[in-house]
Amino acid sequence: MIDTVRLNIKAGDGGNGCVSFLREKFRPKGGPNGGDGGNGGNAYVVGDGSLNTLLHLKYNSTMYVDRGGHGKGKGQRGGNGEDTYIKVPLGTVVWRMLKGGEKEFLTDVTDDTPRMVAQGGAGGWGNAHYVSPTNQEPMLSQRGERGEYVVLFLELKLLADVGLLARPNAGKSTLISRCSAAKPRIADYPFTTVEPVLGVVSTRGQDFVMMEVPGLLEGAHEGVGLGDQFLRHAERARLYVHVLDGLSEDPVADFHMINRELQEFNPALAHKPQVIAVNKMDVTEVQERREELAVSLKEAAAESPVLPNGSDTPVFFISAVSGEGVEPMLGQVIEIMERVSQAEAEAEAAKDDEPMAEGAPTRPDRRRTTAEPISFYKDRGVYVIKSEQLERLSALADTRDYRVLLQLWREMTRLGIARRLEDAGIEPGDTIRIGRAEMEWF
């Protein structure tokens, strides 16, 4: 099962603006009419309930989104690039990889609402935007803004209402096959199940999703027996059915060990409600130990520092093979789920009633015009100007044309960089560099 994947995504660049002038029979000098470039396409992740693995992305990990079309004459705007929608299973957590290997949380995909992960660049302006009373023949247009490049880490945590937890070979696979239509591999050796198994359980007129988590060993939270990968999927469950092997030498010790692993991996897991199910009641030895085990497990649950229901934790004795005791256990699971759902609804209502904090973080709009910092430095006699706005203008400009140089100088004057260069001692004939374009100062 592929449950983690790394994606490289390049959002679409914006289309370039156009330099064009109206030329008609009776209007030989009709003025500038260069159209704007189209916006680049965005990249979205969207939940798809028909998927349960990230395998389809494993070998398609680099994606390029469509760029925007270039502007044309007669005021024709370029078309917007088509957005890309990346389908992922419900329960996928999306992280953005930062420099240094750190991860930034982006979103948790729990429904089919598209979530933007990379924004396309804005289209560049055509020369019609630069006409003014003092500039009737604008020769400048903007290069399209570059789309975002992101590296994402996707981590699938399966969505389920109930999780089955146990040591290896305790009978989880037999139990989930008894309760649902799931057909896991069943054998009498440990680690028969090597990946989570989902099944839909129908009881008392209600349906819920049950997930079998592969068997856990001591040290699972540190990766022993791939336990850390298995426990990640258990995070989504609302409650756990803790299956104990009735033939184990010490079922109480097994109970404590699993809870310790939950606590070490993620304390939130250990604080979820549990139902204890002692399996293999069809064996005479287990039947003879029933009363003793019931008392011991009740005491163990009461002593547990993490179980929310403590001594009230229900203990059932079941046989996954014959089905004995399974229906009463599922009925108790339904009751606990109803209480959990009610508590979640109350918590959500209380959250909605809270006033939204001022200055709550929102995704920045890259197409919003903001004052950008402009800087420059001197490199071997050349004044290098760092300004995205000026770089987008100079990228498409013919710097051999005196009119273009004059209009670039006007833009630098408007932005205040011309005065700063003069204060730094620039003189006519000195070379300035904006992006890849070099020109003489005059």
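In which loop is the place of Lys74? Lys74 sits in the loop between strand E3 (62–64) and strand E4 (84–89). Keep in mind as you explore that this is a predicted model.

- Lys74 has a positive phi, near 60°, and is a residue other than glycine.
- With a relative accessible area of 71%, Lys74 counts as exposed, because exposed means over 50%.
- Arg380 is not a glycine either, yet its phi is positive at about 50°.
- You can find Arg380 in the loop between strand E15 (375–379) and strand E16 (382–386).
- Arg380 is exposed too, with a relative accessible area of 80%.

**An open sheet**
- Look next for an open sheet of 6 strands, which follow the order E10-E11-E9-E12-E13-E14 with mixed pairing.
- At its edges are strand E10 (197–203) and strand E14 (315–317), each of which pairs on one side only.
- On average, neighbouring strands in this sheet are turned by 25° against each other, direction ignored.
- Strand E10 pairs with strand E11 (residues 206–212) in the antiparallel sense, over 7 bridges.

**Helices H4 and H7**
- Helix H7 lies across strand E12 (239–245), strand E13 (274–279) and E14, and runs at about 160° to E14.
- The axes of helix H4 (residues 251–265) and helix H7 (residues 290–303) come within 10 Å and cross at roughly 25°.
- H4 is therefore roughly parallel to H7, because angles under 35 degrees count that way.
- Their crossing is right-handed.
- On the H4 side, the residues that meet H7 are Pro251, Val252, Phe255 and His256.
- Their counterparts in H7 are Leu293, Ser296, Leu297, Ala300 and Ala301.
- Sorted by class, this contact of H4 with H7 has 7 nonpolar residues, 2 polar ones and no charged ones.

**A closer look at Gln287**
- Gln287 belongs to helix H6 (residues 284–288).
- Is Gln287 buried, exposed or partly exposed? Gln287 counts as partly exposed, because its relative accessibility is 40%.
- Gln287 is in contact with Met281 and Asp282, leaving aside its neighbours within four places in sequence.
- From C-alpha to C-alpha, Gln287 and Gly246 are 8.8 Å apart in space, while 41 residues apart in sequence.

Conventions: Residues numbered from 1 in each chain as written. Predicted model: local features only at pLDDT ≥ 70, side-chain atom pairs only at ≥ 80, totals over all residues. Heavy atoms only, no water. Axes fitted to C-alpha atoms, helices over the stretch in contact; angles between N-to-C directions. Helix = DSSP H or I, 4+ residues; strand = E, 2+ residues; numbered from the N terminus. Parallel < 35°, antiparallel > 145°, perpendicular 65-115°, else oblique. Left-handed = near helix turned anticlockwise from the far one by under 90°. Contact = heavy atoms within 4.5 Å. Nonpolar A, V, L, I, M, F, W, Y, C, P; charged D, E, K, R; others polar. Pairing = 2+ DSSP bridges. Buried < 20%, exposed > 50% of the residue type's maximum accessible area, 1.4 Å probe, protein only.
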